[in-house]
Every structure is written in C-alpha cells, then in structure tokens.
Amino acid sequence: MAEKQILLNAFNMNCVGHIHHGLWTHPRDNSSQFNSIQYWTELAQLLERGLFDGLFIADILGVYDVYQQSVDLPLQEAIQLPVNDPLLLVSAMAAVTQNLGFGVTANLTYEPPYTFARRLSTLDHLTNGRVGWNIVTGYLDSAAKAMGLSEQIEHDRRYDQADEYLEVLYKLLEGSWQDDAVVVDRQRRVYAEPGKVHKVQHQGEFYQVEGYHLSQPSPQRTPVLFQAGSSPRGQRFAGQHAECVFIGGQNQAAVREQVKQIRASAVAAGRTADSIKVFMGISVIVATTEAEARDKHAEYLRYASPEAGLAHFSSSTGIDFSTYELDEPIRYQKTNAIESVVKAFTAKDSGWTKRRLLEQHALGGRYPVIVGSPQQVADQLQSWIRETGLDGFNLTRIVAPESYADFIELVIPELQSRGAYKTQYAEGTLRNKLFGHGPRLPENHSAAHWRSPANLSQSNQKAHLNHAVLNLL
C-alpha cells in the first residue's frame, strides 16, 4: 500500500508573537521585521523551496485583554499585538513564487460580503488561483466593542450568520457571472456579454444584497475554504462548507475522534468523507542528532514566556487565569470565546490547574512539540497521520525563519525518502493541488446550487427554512 503523502502548511501571522510567545527575544529570531515586505517574500520563497502546500496566515481583530483585565502584557510581549492585515501580504508573495498557496484569515462578522467577495476574487486572479480563505467569526469581546457592538455575538448565533454569509458569497462568486460571460471581442466592442452577467438579489435575516459581482470569474471562483471550529455547531458548519479543517490536539485518541466527527459532518451534508482535508497544529524542533535537538529545545525554553502563552489562552477561553492560585482547579465558565477549548480544559475531573497550564505553555504555546533527529521527527509525524486519519499539519514557527529552514533542510528529505511527501508540486490551482479534481468546488458542495442564474433572484424563504431545519438537527 502506498504511503499517504503528508500535506503541510506553514502557520504564521502578520505580527511578532504568534504561537510561541517570548521567542521574539531569541537572538536568531527575525519576527520583529514583520513590517518589511522582504520578510514575507523571502519566507514565501523559502517555503516554496520546501514544497510547502501553503502559508496559512492567522489573524485576529481586537486585543487579548482578558488576562489581568489589561493589555499591558500583550504589549510588552507582543502577544499578537501589533498585528497587520494578512490579505495585503499575498500579492507580493505570489509575485515571487509559482506554486505556494496562501490561506488568509478574515473575520466575516465585520466584513461586508459584497466588498469581501471582490477582494477574494482579486487575490485569486493575481495569484492564478492559489488563495484559500480561513473562515472565522471571531471570539473576542474587545473586537466586538471596537467594531461598535456592546459585546461579542453569541457563539452559535455567529454560525447562523456565517451560514447566510457563505450563501451570499456563493451567489456572488459562483453565480453572478457565467463562465463564458467574458468574450473580449474587439471587433464587436464587447468585453462581457450582458445577458450572461446576473444580478444577485438576496434578502435574508442578516444580509440584504442587490447587485452584480464586481469581478469576472477567477480561476477558482470561490477560494479554498478553511475553517477551525470544533464545537458541535462549528463541525456542522464545516460539514456544509469547509474543504480544509484546522484542529488542535494533545493526544492521538482525541484527534482521531475529532477527525472522525469532521468526516461524518461532511457525509451528513451530502458530501463524501474525503471532501475535507484535516490539518493539526504542531511544532517541531529538529537537528542532525537527537542530542542536538534536545539542546536546541533547552535553548528555546530560556527565551519563552509561559505567562504570555497563558495570557493568550485566557482570551481564547474568556477566562482570566490570573485570578487563580497555582493549584486551584480551573472551573467552567460560560463565555462566547472558543467553546470547544473552554469545555476541554474545564471539564469535571480534567485536572487542569494554573500550574499545569503554565507547564503546558513552557515554550510559550500549547501545541504538541516534536523534538528529535530527522528520522525521529518523521516517525512521529507519520504516526500522527496513520493513527488519527489526519491529512497534514500546520507547522508553527518557534524561531523565525529558523524553524522552517531546519524542517526543510532536515525533515523534508527524510519524508520524501519514505514516500510520505511530494517531490514536486502538482499542476494547477491550490484546490487542484490539494484535491486533484480541478479548480472549482465540486458539484456535491452547497455552493454548486448557486451556479444557476435562475437561483440568484429566487425567494430566500426556502433556503432559510432549510437552514432552520439544519440548525435544529
């Protein structure tokens, strides 16, 4: 049986401190140069040399002000603050690469779908179809207040809004322009056939849109759809929309169950189980020998800030861990933050205390860390794939760009020698590279319904009724 090839994204953010907090102080780390375009273009070229499938760029609106009810520590330790726009990086990186994909995060709660659809189409054109969108709905009260709301919208309600948002986007991206609308006929002086460009008329609960999509069809039309919610409501959303799902996990049994549930959600939505690629966040410290890798790990630990990692985690859960004694059990609190994370760390008899959380964040973050020689790292990566059903990983940076350069130099050749990693890129768009079925969303995806112009102006009552029924299941 052929070895399953591992998919790989570099996990990064347009900021100094992303996952492994405190490591910006390491003398070999250059993340403080994130405001420079050269920082990003050189990173993109490095990743393409390593045949990475994509650069997954996280983002956040708002600030991490839950820990100590203050923004002081995030400012001191650059805990995803300052943070710049991720979409504006893509054009420059695309110009210096040919195959690397770009997964950009954008919060739909604060992005009008009509203008956002144009931004997606523009990037898809400029990259020749190498763009993905990481769909998020937000979880910070600080973002809600900055955007004019009194508090964050309730968790499941955000997904109701997201369902309708995606429907509007599908109408614009998939249905407004027919494939053969653009003719560029100089003799007739016709660039686009008027009868093949259709007005979108959407009157819904959250959005009212009447207009034509402003961009002609891009290579993928809809970018590759990423999503990261692991709550029951988030998984139902993923089953309906996502092509790639990003999960966290500390042990193989729990990850195996998550993967199983995600694939089941796709089947429940009328898609196949393999319609979704599942990625897990992971960190790797590798050197030529295990002893050298252990020494490097110990060196990194001297620069890491466990407390900064805990401050980040406080906002992820909505729980101010600064109020807990070191050995006091973490109690469940109803918040509008990341629901699946809150429940995992506050479950009865979970045993989590502030001391344990600080120990988990020893390297400034809480992702699984693999430390070892190239052979040992490859063994563990393959074990995760075989034992859980994962398709790939989002590889964090610990020291930038050293973490990626080490992985490319040492681990990639080892995986390739085992047949577990590609030796060249596939042709075509990001979607085709990942799935091998062409540039567009498949017919069994919910977006396909809106490819017919007749569906664009129909009453939304039936669609909303269907959503309501799904939400009750």
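This is a predicted model: local features need pLDDT of at least 70, side-chain atom pairs count only at pLDDT 80 or more; totals for chains, interfaces and linings use all residues.
**Entry 1**

**Entry 2: L381 and its helix**

I left aside its neighbours within four places in sequence and found L381 in contact with I6, I282, I370, F393, F407, V411 and L415. L381 is also one of the residues of α13 that meet α14.

I therefore examined how these two helices pack, since two packed helices are described by the angle between their axes and the distance between the axes. Helix α13 (residues 374–388) and helix α14 (residues 402–417) pack at about 60°, and their axes lie 9 Å apart. The angle makes α13 oblique to α14. The crossing of the two helices is right-handed.

On the α13 side, I listed P374, Q375, V377, A378, L381 and Q382; on the α14 side, they meet F407, L410, V411, E414 and L415. By class, this contact has eight nonpolar, two polar and one charged residues.

**Entry 3: cis peptide bonds**

I recorded a cis peptide bond from L81 to P82, with omega near 0°. P82 is placed in the loop between α2 (72–77) and α3 (90–95). I recorded another cis bond from A400 to P401, with omega near -5°. P401 is placed in the loop between β13 (392–396) and α14.

**Entry 4: positive phi**

Q80 is found in the loop between α2 and α3, and its phi is positive, about 50°, although it is not a glycine. Q68 is found in the loop between β2 (54–58) and α2, and its phi is near 60°. Is each buried or partly exposed? Q80 counts as buried because its relative accessibility is 5%, whereas Q68, at 41%, counts as partly exposed.

**Entry 5: V184**

I located V184 in strand β5, residues 182–185. V184 counts as partly exposed because its relative accessibility is 40%. Leaving aside neighbours within four places in sequence, V184 is in contact with V190 and Y191. From V184 to N134 I noted 50 residues in sequence and 33 Å in space, C-alpha to C-alpha.

Definitions and conventions. Residues are numbered from 1 along each chain as its sequence is written. Side-chain values use heavy atoms; hydrogens and water are left out. Contact means heavy atoms within 4.5 Å. Helices (H or I, at least four residues) and strands (E, at least two) are DSSP runs, numbered from the N terminus. Buried means under 20% relative accessible area, exposed over 50%, partly exposed in between (1.4 Å probe, protein chains only). Axes are lines fitted to C-alpha atoms, for helices over the stretch in contact, and angles run from 0 to 180 degrees between N-to-C directions. Angles under 35 degrees count as roughly parallel, over 145 as roughly antiparallel, 65 to 115 as roughly perpendicular and the rest as oblique. A crossing is left-handed if the near helix is turned anticlockwise from the far one by less than a right angle, and right-handed if clockwise. Ala, Val, Leu, Ile, Met, Phe, Trp, Tyr, Cys and Pro count as nonpolar, Asp, Glu, Lys and Arg as charged, and the others, Gly among them, as polar.
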